[in-house]
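Have a look at the model first, then read on with it open beside you.

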Amino acid sequence: PTLVYDGYGRPCVRFDGTNDKLTSIISGAVASAGKFAVPMTVLMACRQRIIPASATIIARIGSATPIDIKVINSASAGLTAVNTNTSTAAVTLEDNLPFVASMTKASGGAVTIYHNLTAGSGAGTAAVTADTLILGSDGAAAFAGVDVFEVAVFNSVLSAGNLAKAQRALAAKWGVNL
C-alpha cells in the first residue's frame, strides 16, 4: 500500500485492489506476537474507491474461522462481518464516500458490524483463536481497492455508549455525515 493524501489533504493508506495488504506485527507474548484475540472491537475510518462487483474484504482477523469486515458487492452495496454466520449492515455505500466501519466480536459469541452508527443484523457464533490483523486483503489472493484513514483495535467489546463515542469521534475527524 501507499501513503497518499486525499483531495482535502488528509493522509490515508491506499490499497490498490490488485496486490496490497498490511499484516499486523505487534509486540507481546512470544507465542502470540502480532496476534489479536477476542473479545475485541475494531473501528475503521475508510473509503471504498469503487464498490466491487464481488465481495471484497477490507480487514480480516484470523484464518481458520476468520472475522471479516467486507464490502458486499455493487448489486447490494453494504458492509458485512462474517464469522460462521453473517452480520450485515443494510446500507448503501457510495464510491469515494468516507464511512466508519466497526465490528465487535465477543468471546465465542456474536459478531456485529456497524456502518457509521447503524448496527447490522445477524450474528456469528464461532470462537476465534488469536491471529493477525490483515488490512486490504483476505490474506491470500483477494484484495480491496480501499483507502484506510484510521484503525483502532480494542481488546474488549466496547459498551454501547463507548462504541458510539468512538464512532462519532472518527466520523467527525474524517468528515463522515451521520
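1. A word on surfaces to start: accessible areas here come from the Shrake-Rupley method with a 1.4 Å probe, and for residues only the protein chains shown count as cover. By that method the protein has an accessible surface of about 8100 Å², and carbon and sulfur atoms account for 55% of it. Bear in mind that this is a predicted model, where local features need pLDDT of at least 70, side-chain atom pairs count only at pLDDT 80 or more, and totals for chains, interfaces and linings use all residues. Residues are numbered from 1 along each chain as its sequence is written, and side-chain values use heavy atoms, with hydrogens and water left out.

2. Now the overall layout. Helices (H or I, at least four residues) and strands (E, at least two) are DSSP runs, numbered from the N terminus. On that basis the protein has 13 strands and one helix, and along the sequence the pattern reads β-β-β-β-β-β-β-β-β-β-β-β-β-α. Of the 178 residues, 49% are buried; buried means under 20% relative accessible area, exposed means over 50%, and partly exposed is in between (1.4 Å probe, protein chains only). A contact is heavy atoms within 4.5 Å. Among contacts between residues at least 6 apart in sequence, 63% join residues at least 24 apart.

3. What is the strand order in the open sheet of seven strands? It runs β1-β2-β13-β4-β9-β10-β11, with antiparallel pairing. The edges are β1 and β11 (118-119), each of which pairs on one side only. Two strands count as paired if DSSP finds at least two bridges between them. As a reminder, strands of a sheet pair through backbone hydrogen bonds, either parallel or antiparallel.

4. Strand β1 (residues 2-5) runs antiparallel to β2 (residues 11-14), and four bridges join them. Valine 4 sits opposite cysteine 12 of β2. The two strands make a hairpin with five residues between them, and glycine 9 in the turn has a positive phi of about 80 degrees.

5. Five bridges pair β10 with β9 in the antiparallel sense, with threonine 104 partnered by threonine 112 in β10. Two bridges join β10 (residues 111-115) to β11, again antiparallel, and tyrosine 114 has alanine 119 as its bridge partner there.

6. Which residue in the turn of the β10-β11 hairpin has a positive phi? It is asparagine 116, at about 55 degrees, although it is not a glycine. The hairpin has two residues between its strands. Asparagine 116 counts as buried because its relative accessibility is 9%.

7. Next, the helix. In α1, Leu163, Gln167, Leu170, Ala171 and Trp174 are buried. Seen down the axis, the buried residues fall within an arc of 100 degrees, so they line one face of the helix; the arc is that of the directions from the helix axis to the C-beta atoms. That face packs against β2, β4, β9, β10 and β13. On the other side, Lys165, Ala172 and Lys173 are exposed. After α1 comes glycine 175, with a positive phi near 75 degrees.

8. Strand β13 (residues 146-154) includes phenylalanine 154. Phenylalanine 154 is partly exposed, with a relative accessible area of 32%. Leaving aside residues up to four places away in sequence, phenylalanine 154 touches Pro39, Met40, Thr41 and Leu43. The C-alpha atoms of phenylalanine 154 and valine 42 are 6.5 Å apart, though 112 residues separate them along the chain.

9. Finally, β5 (residues 56-61) is mostly covered, with six of its six residues buried. Five bridges join β5 to β6 (residues 67-71), running antiparallel, and threonine 56 stands opposite valine 71 in β6. β5 also pairs with β12 (residues 133-135) in the antiparallel sense over three bridges, where isoleucine 134 in β12 partners arginine 60.
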